[in-house]
Amino acid sequence: MISYARQTPEEQPDASSPAADDHIAPAPRVSVQAFCETVETAAAVQSAGEDRRLGKAHLKIQMGGMAVAIEAYRTAPTPNVIILETEGRSDILGGLDQLATVCDAGTRVVVIGRINDVTLYRELVRRGVSDYVLAPVNALDVVRSVCNLFSAPEAKAVGRIIAIVGAKGGVGASTIAHNVAWAIARDLALDSVVADLDLAFGTAGLDYNQDPPQGIADAVFSPDRVDTAFVDRLLSKCTDHLSLLAAPATLDRVYDFGADAFDAIFDTLRTTMPCIVLDVPHQWSGWTKRALVGADDILIVGVPDLANLRNTKNIFDLLKASRPNDRTPLYCLNMVGMPKRPEINASEFAKAIESQPIAAIPFDPQMFGSAANNGQMIAEISASHRTTEMFLQIAQRLTGRGETKKPRGSFLSPLIEKLRAK
């Protein structure tokens, strides 16, 4: 057992506090066995096993607590992680001493107990316990405890994946994804990458005025080669903080993938980039569903009509049910106020979906058309446009970050910019 201590009982965050919404990195492919005393804890562990962040972990639950664990491992190897529910000070310490005689080196132990005492906690740490969690626990407590075992404080933070998808084709989800990623990189100064998942018809290369010879197709068709160095070679640099994993946007082959086709790419990107924005095409397949369910944050884009309302609600409800321990998906309305088009207003949308849209982006064909044809972002066309501010607000909501304050420009700034351009 390792001797790496985490939080004292007094420091553990309550599940209802803001700390419960902190980013939790997914666990790797590990085996986890839980030995529970109560059905409530067993239910919480079972629910945690269904969480996306433990999707790669193999979880087994048994009733009986410490005694059953000790007996089980007399004749069987121990897993990567053991979760033990126990009651009583002597029961914990005495049981751990017995468990140590049958426990394999490298196994990590999480104890769930009801005694909130620093002296006991220090004794547990001395015996090599990795984490001590106060009962009663919920699913998120278990997810956090197991995942944190594999996220050492000194390790580089695992990247946050943001998935943006249209409720219907042609609603401008890709445009919004690209502009939000631009705001994350430029205004929030967060190193980011846009992964264009629409391999046949992706527009990220056009929108960023990039034409890289390689991109995401090279990775998805060569899964055995995917590692940090390989993916880095495929990235196209857009700005100091923004890179692009472009789609080929060609029809020389078909793009039929298995559900886990992009897993290796996403896992690799997580290790190198703080923020990954997925431009998810409007289609429903195993891999698109997996990309959405596996993302840390999700934005659904729709226009204010009936089909978009239905589709937004369907996607919203499915993702809420599939991600019970995650933040609720977000959605925004696009192309609001198109002349002569009957629209469903935002309040009716909110009533049907039971959630308010985070933005209602106005219909502005001149602005968006010019940006698309020039290979520019809205912020480059007009930094003071209200839509530019909306993209920044969306970026802040999706990342949980406030705006990075930029130095105030002097009256000479425009002249200096012109001189630099020369």
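Let's start with Asp267, which is partly exposed at a relative accessible area of 32%. This is a predicted model, and in it Asp267 forms a salt bridge with Lys56. Lys56 is partly exposed as well, with a relative accessible area of 28%. Asp267 sits in helix α10 (residues 263-272) and Lys56 in the loop between α1 (39-49) and β2 (58-63), so the bridge ties together parts that are 211 residues apart in sequence.

A search of the whole structure turns up 18 salt bridges. Here are some of them:

| Salt bridge | Closest N and O atoms |
|---|---|
| Asp267 with Lys56 | 2.3 Å |
| Asp97 with Arg127 | 2.9 Å |
| Arg74 with Glu71 | 3.3 Å |

In the last pair, Glu71 counts as exposed, at 52% relative accessibility. Asp97 is partly exposed, with a relative accessible area of 38%, and Arg127 counts as partly exposed at 22%. Salt bridges with shared partners also join Asp51, Arg52, Arg53, Arg270, Asp296, Arg323 and Asp326 into one network.

Now for the nonpolar side of things. The largest nonpolar core has 46 residues, and Leu197, Leu245, Phe262, Ile265 and Leu278 have the most contacts inside it. Apart from that core lies another, of 43 residues, including Ala183 and Phe391.

Those two residues also turn up where helices α6 (residues 173-186) and α16 (residues 386-399) meet. The helix axes come within 8 Å and cross at roughly 75 degrees, so α6 and α16 are roughly perpendicular to each other. By class, their contact has nine nonpolar, three polar and one charged residues.

Technical notes. Residues numbered from 1 in each chain as written. Predicted model: local features only at pLDDT ≥ 70, side-chain atom pairs only at ≥ 80, totals over all residues. Heavy atoms only, no water. Core = buried A, V, L, I, M, F, W, Y, C linked by side-chain atoms within 4.5 Å. Buried < 20%, exposed > 50% of the residue type's maximum accessible area, 1.4 Å probe, protein only. Axes fitted to C-alpha atoms, helices over the stretch in contact; angles between N-to-C directions. Helix = DSSP H or I, 4+ residues; strand = E, 2+ residues; numbered from the N terminus. Parallel < 35°, antiparallel > 145°, perpendicular 65-115°, else oblique. Contact = heavy atoms within 4.5 Å. Nonpolar A, V, L, I, M, F, W, Y, C, P; charged D, E, K, R; others polar. Salt bridge = Lys/Arg side-chain N within 4 Å of Asp/Glu carboxyl O.
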